[in-house]
Amino acid sequence: MDWIFEEWNGNTAHARALQQRLATQVRIQDELPPLRLIAGLDVGFEDQGRITRAAAVLMDAATHQPLAESLVRMPTIMPYIPGLLSFRELPALLQALSALPQIPDLLMVDGQGIAHPRRLGVAAHLGVVTDLPCIGVAKSRLVGIYDPLGDEPGDQVPLLDSSGERLGTVLRTKRRCNPLFISPGHKLSVDTATALVQGQVTRYRLPEPTRLADRLASQRNGCQSVLQHAI
DNA sequence: GCGACAG
DNA sequence: ATCTTGTCGC
C-alpha cells in the first residue's frame, strides 16, 4: 500500500492490482453538494524529471477568481508508465492539496478520471483517497472511442468503452484547439462533470482551475504566482 | 506479433 | 512532462 509512495520497486503487476481494488471505491452519482470552492491541480517537473512539482489553486467557483495557491516540490519516485500515472503524481498532489488554507468542495485534476484501463485514472485515485468530488480534465486520450465532434465551442461527443459503456465526454472548449477529455473521478456523474467543467471555461482551452494550476506547476516562464494581488 | 499509450 | 525559435492566424 505505502510501498508505492516510498520507493518504486518496479512491480507494475502489484500497482495494477491495487488500482482494481481502489476502483471499487469510486462513486458515480448525480447529486453534488453546493459548491463554492474549486481546486485546480497539476504537476510539472524540474531537473530533467528528477524533481516533481505539484500545484494547487483554490478558486471561487462563481467568479473564477483564484483565492489561494500552493506549490510543493519533492523527489520524483517513479517513471511515467501509461496507466500508472497516479502513483507517480499522487504524493505531490496530496501535499499541494493539504497546503491550501481551506478544503475545496470539488477538485479538477489534469488527467483522466474513470477513462482508464482499470477505471482509476489519477483524478479517480485522488478522489477516492480524499473522498472529495473530483473531475479528470485530460488534454489527450488514454482509452475510449468517440465519433468526430463539431468545431464550435461547447460541441461534445461521448467517450465510450469498447463495450459501449460511458466513460466521459470529449469536449471542444475553444475553436481550432484540440478537445478536452472529461471524465468523472469521484462522487459525480459524467454529465455533472462535463457541465461543471464547461462552467469554468472562459477564453482558453482549459477551464480556469487547471489552467492556473498548470501555469503554476510548469517550469517554463518561471514560478509566477497566479494570484492577481500578488503581482 | 504490432500498435497504442493521461503526464 | 520537458528540451526550444520562429511563425502562422485571430
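Here are a few questions and answers about this predicted model.

Me: How many of the 10 residues of helix H6 are buried?
Reply: Let's go through the helix, which runs over residues 208–217. The buried ones include Glu208, Arg211 and Leu216, and among the elements that cover them are strands S1 (37–46) and S4 (106–110). H6 is largely enclosed by the rest of the structure, because its buried count is 9.

Me: Which ring does Arg211 lie over?
Reply: Arg211 is one of the buried residues of H6. It sits at 3.8 Å from a ring centre, over the face of Tyr204.

Me: What kind of aromatic pair do Tyr146 and Phe181 form?
Reply: The structure has 1 aromatic pair. The two ring centres are 5.5 Å apart, and the planes make an angle of 75°. Planes over 60 degrees apart get one particular label, so this pair is edge-to-face.

Me: How many residues apart in sequence are the parts that this pair ties together?
Reply: Tyr146 lies in the loop between S5 and strand S6 (156–160), while Phe181 belongs to strand S8 (residues 180–186). The pair therefore links parts whose separation in sequence is 35 residues.

Me: Is Tyr146 buried or partly exposed?
Reply: Buried means under 20% relative accessible area. Phe181 has 4%, so it counts as buried. Tyr146 has 36%, so the label here is partly exposed.

Me: Which residues does Ser86 touch, not counting residues up to four places away in sequence?
Reply: Ser86 is in helix H3 (residues 85–98). With 2% relative accessibility, it counts as buried. Leaving out those sequence neighbours, Ser86 touches Gln19, Pro91, Val122 and His125.

Methods
Residues are numbered from 1 along each chain as its sequence is written. Chains are lettered from A and ligands numbered from 1 in the order in which they are written. This is a predicted model: local features need pLDDT of at least 70, side-chain atom pairs count only at pLDDT 80 or more; totals for chains, interfaces and linings use all residues. Side-chain values use heavy atoms; hydrogens and water are left out. Buried means under 20% relative accessible area, exposed over 50%, partly exposed in between (1.4 Å probe, protein chains only). Helices (H or I, at least four residues) and strands (E, at least two) are DSSP runs, numbered from the N terminus. Contact means heavy atoms within 4.5 Å. Rings of Phe, Tyr and Trp (its six-membered ring) pair if their centres lie within 6.5 Å; planes under 30 degrees apart count as stacked, over 60 as edge-to-face and the rest as tilted. A charge sits over a ring if NZ of Lys or CZ of Arg is within 6 Å of the ring centre and within 35 degrees of the ring normal.
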